[in-house]
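Please open the model in a viewer and keep the selection panel at hand.

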Amino acid sequence: MAGEAYSHSYSINTDPPPLTSTLRETAENGFDAEASASGSGESLAVVPDKACTQSGKEKVHHESEKGKASRKACGQTGKQRPLKKRTWDRSEAGKAYYRAYQKAYQKSKRRKAFLEDYEQSDKRKASRNAYEHTEKRKAAKRAWAQSEVGKAYYRAYRQSERGKAARKAYRLSEKGRAVRKAYDESEKGKANQKNYRDSVHGKAVRQAWANSEKGKESKLIWRNSERGKAYRTLYTSAYNKVFRHTGDKAQARIAGRQATAFMMDSNKAKNK
């Protein structure tokens, strides 16, 4: 009779219930899983269902650093969410609830207050300062500046009143003057200046400046100054010397410019 009952029970429960429900029923009924069902000392083995076995994704999380840290934190605090709540968290209803909660929290006053306090904190300032000096941030800024959106933004900023005022203040500052002086004395700066003077735009700008009232006044002041007189004397001497030997005005002008250029370079070297 006992064998028939056992075989009948086995034929009915070929697909045993989940492990959690089996353990719960065992605890409530005080049933001993190791007790013999037939009286012959044979024990009933509880076979877990596939749904109760740990999946590969959960196993990876269980063995990962994040999973270990989470279990360690739960062990230190002594707090762990009950099984029913953990199961509900993983359900579709739980996930939808938390998505709605996060969406509402993003628009709440509490979230805005937290962000304002965090932006003004020393931790946030130090984080931004450290990130600004990283290679990742520099590469991102270069890529954005070369994009169409970045070029349009900088173009609009340069033409705005704020951009013009910022550039003017930088040119008049000590740092701006030092940077400009270093650039003008470099090989690249000299080559760019020469190309600009020889270009159509550079010649037109100089001609317009010379014909303007301010240009004429500046030229008169320069001629009457001590340095202007010395430059003019040197230019005239070199011009007349070459013109007397060659009779070519073009070569005479080149010689006068070369003499004054040498004098300008020597004066710049003295002023350093």
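This is a predicted model: local features need pLDDT of at least 70, side-chain atom pairs count only at pLDDT 80 or more; totals for chains, interfaces and linings use all residues.

The space within the largest pocket amounts to about 1,900 Å³. To centre the view there, select Arg197, Arg206, Arg257, Thr260 and Met264, which are the closest to the pocket centre among the 31 lining residues.

Next, colour the elements that each give two or more residues to this lining: α12 (174–185), α13 (187–198), α14 (200–211), α15 (213–224), α16 (226–246) and α17 (249–271). Which element supplies the largest share of the lining? It is α17, with nine residues.

Show side chains for Trp222, Arg223 and Asn224 of α15, which meet Glu226, Arg227, Gly228, Lys229, Tyr231 and Arg232 of α16. By class, this contact of α15 with α16 has five charged, two nonpolar and two polar residues.

Finally, move to helix α9 (residues 135–146) and helix α10 (residues 148–159), where the axes cross at roughly 75° and come within 4 Å. On the α9 side, select Trp144, Ala145 and Gln146; on the α10 side, select Glu148, Val149, Gly150, Lys151, Tyr153 and Tyr154, which together make the contact. The contact of α9 with α10 divides into five nonpolar, two polar and two charged residues.

Note on methods: Residues are numbered from 1 along each chain as its sequence is written. Side-chain values use heavy atoms; hydrogens and water are left out. Axes are lines fitted to C-alpha atoms, for helices over the stretch in contact, and angles run from 0 to 180 degrees between N-to-C directions. Contact means heavy atoms within 4.5 Å. Ala, Val, Leu, Ile, Met, Phe, Trp, Tyr, Cys and Pro count as nonpolar, Asp, Glu, Lys and Arg as charged, and the others, Gly among them, as polar. On a 1 Å grid over the protein atoms alone, a cavity is a set of points where a 1.4 Å probe fits but cannot get out, and a pocket is an open set with protein on both sides within 12 Å along at least five of seven lines; lining residues have an atom within 4 Å of a point. Grid points are joined across faces, edges and corners, and a volume is the space filled by probe spheres set on the points.
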